[in-house]
Protein chains: 2
Amino acid sequence: MTKAKERPAPSPASKESLRLWLRILKVQRMVEAELRERLRVEFDTTLPRFDVMSALYRYRDGMKMSELSRALKVSNGNVTGIVDRLAEDGLALRVPVPGDRRAAMVRLTKRGVELFEAQAAAHEVWVHEALGGLEGEESAMVARMLDHALTEGDDDAE
Amino acid sequence: MTKAKERPAPSPASKESLRLWLRILKVQRMVEAELRERLRVEFDTTLPRFDVMSALYRYRDGMKMSELSRALKVSNGNVTGIVDRLAEDGLALRVPVPGDRRAAMVRLTKRGVELFEAQAAAHEVWVHEALGGLEGEESAMVARMLDHALTEGDDDAE
DNA sequence: CCGATATATTTCAAGCTTGAAATTTCAGGC
DNA sequence: GCCTGAAATTTCAAGCTTGAAATATATCGG
């Protein structure tokens, strides 16, 4: 009989996971496209910039580049360029670390903080407009189950 | 008393949506990073290439560039480059459309079909490994609720 | 102090992505 | 047969993203 190559059989369970994955991707792309467009039109900025500013806003005392890239789960070199551009615009700042001449703390400037607060407020409303189709309880449940779906590999919690 | 600027109040509901959104994003980034890495290491390819091939595999008779970009929800110009590279590698092909000299049908080559089948089988297993933390019923339920979360803006199904 | 190894960051090439402008072709009205 | 506007695609500049290589500094054993 024609026996194909030694691939793991496509179980019904994996088909179900695949379906869930495609659904997640669809939602994510839809919402992200909306957010990107709005950030562009209303604040003339981009999602990556917003993400970086968001991390810096949370850690008001500053973060090292490496912390930043770990927090955002993007590559080292990536953050360099974004922070460069934020710095050019006077929204972020590199502060030398006293004991270590390799590292630098990145911080939002006053202008950066103010601008981000406006953006974040709008952002929250946009997200709710896009994802508001669930009643309060459900929303929390989906979030919990999504967490649970990740079989492993967690590191930093919120 | 200090009354801030006239921003829409950050309702508890929007906070809940924001939490869900961050969870979706976290799962998406985690799984996507895993898939990207595996595609790179085991097939020396990229996620965008896989996505395009996936669409072309489903529409075996070929798709116009515009159909492709609409299906993947990415910009027109984006698809051009990816298809160019797939064509260079002999995996895809532009076929002229008889009645319309502007358009072209893009199709997978035989090699493209074969390669994609191997990649897709592996991909399905990887997704299940990453997202397998839910029992069969739950997985379907989360998928359904995610769909429901999108309050509007649907176009093409599945 | 030296050398080896580890850390923090930047640089770089290649590819992805977008939105806008440019091209080419088509279709319909006149 | 033209003209005008629509449609399909490509081109382009700017920015994002990665993984790997390069730089610079730190740390530690001897």
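The structure is a predicted model, in which local features need pLDDT of at least 70, side-chain atom pairs count only at pLDDT 80 or more, and totals for chains, interfaces and linings use all residues. Residues are numbered from 1 along each chain as its sequence is written, while chains are lettered from A and ligands numbered from 1 in the order in which they are written.

Chain B can be laid on chain A with an RMSD of 0.0 Å by a turn of 180° and a shift of 0.0 Å along the axis, with superposition by least squares on the C-alpha atoms of residues with pLDDT of at least 70 in both copies. The two copies are thus related as by a two-fold rotation axis. Within chain B, the C-alpha of B:Val142 is the nearest to this axis, at 3.1 Å. Both copies use the same surface, since 98% of the contact residues of chain B recur in chain A (contact: C-beta atoms, placed from the backbone, within 7 Å).

DNA strand C is surrounded by 26 residues, a residue being near the strand if its C-beta atom, placed from the backbone, lies within 6 Å of it. The closest are A:Ser66, A:Gly77, A:Ala103, B:Pro48 and B:Gly77. Among the elements that give two or more residues to this surface are helix H1 (12-43) and helix H3 (65-72) of chain A, and helix H2 (47-58) of chain B; helices and strands are DSSP runs numbered from the N terminus, helices (H or I) having at least four residues and strands (E) at least two. The largest share, six residues, comes from H4(B). By class, the surface has six nonpolar, 11 polar and nine charged residues, where Ala, Val, Leu, Ile, Met, Phe, Trp, Tyr, Cys and Pro count as nonpolar, Asp, Glu, Lys and Arg as charged, and the others, Gly among them, as polar.

In chain B, strand S2 (residues 92-97) runs antiparallel to S3(B) and is joined to it by six bridges; pairing requires at least two DSSP bridges between two strands. B:Pro96 has B:Ala104 as its bridge partner in S3(B), and B:Ala92 has B:Leu108. S2(B) and S3(B) form a hairpin with two residues between them. Strand S1 (residues 63-64) of chain B also pairs with S3(B) in the antiparallel sense, over two bridges, and B:Lys64 stands opposite B:Met105 in S3(B).

Conventions: Two residues are in contact if their C-beta atoms, placed from the backbone, lie within 7 Å.
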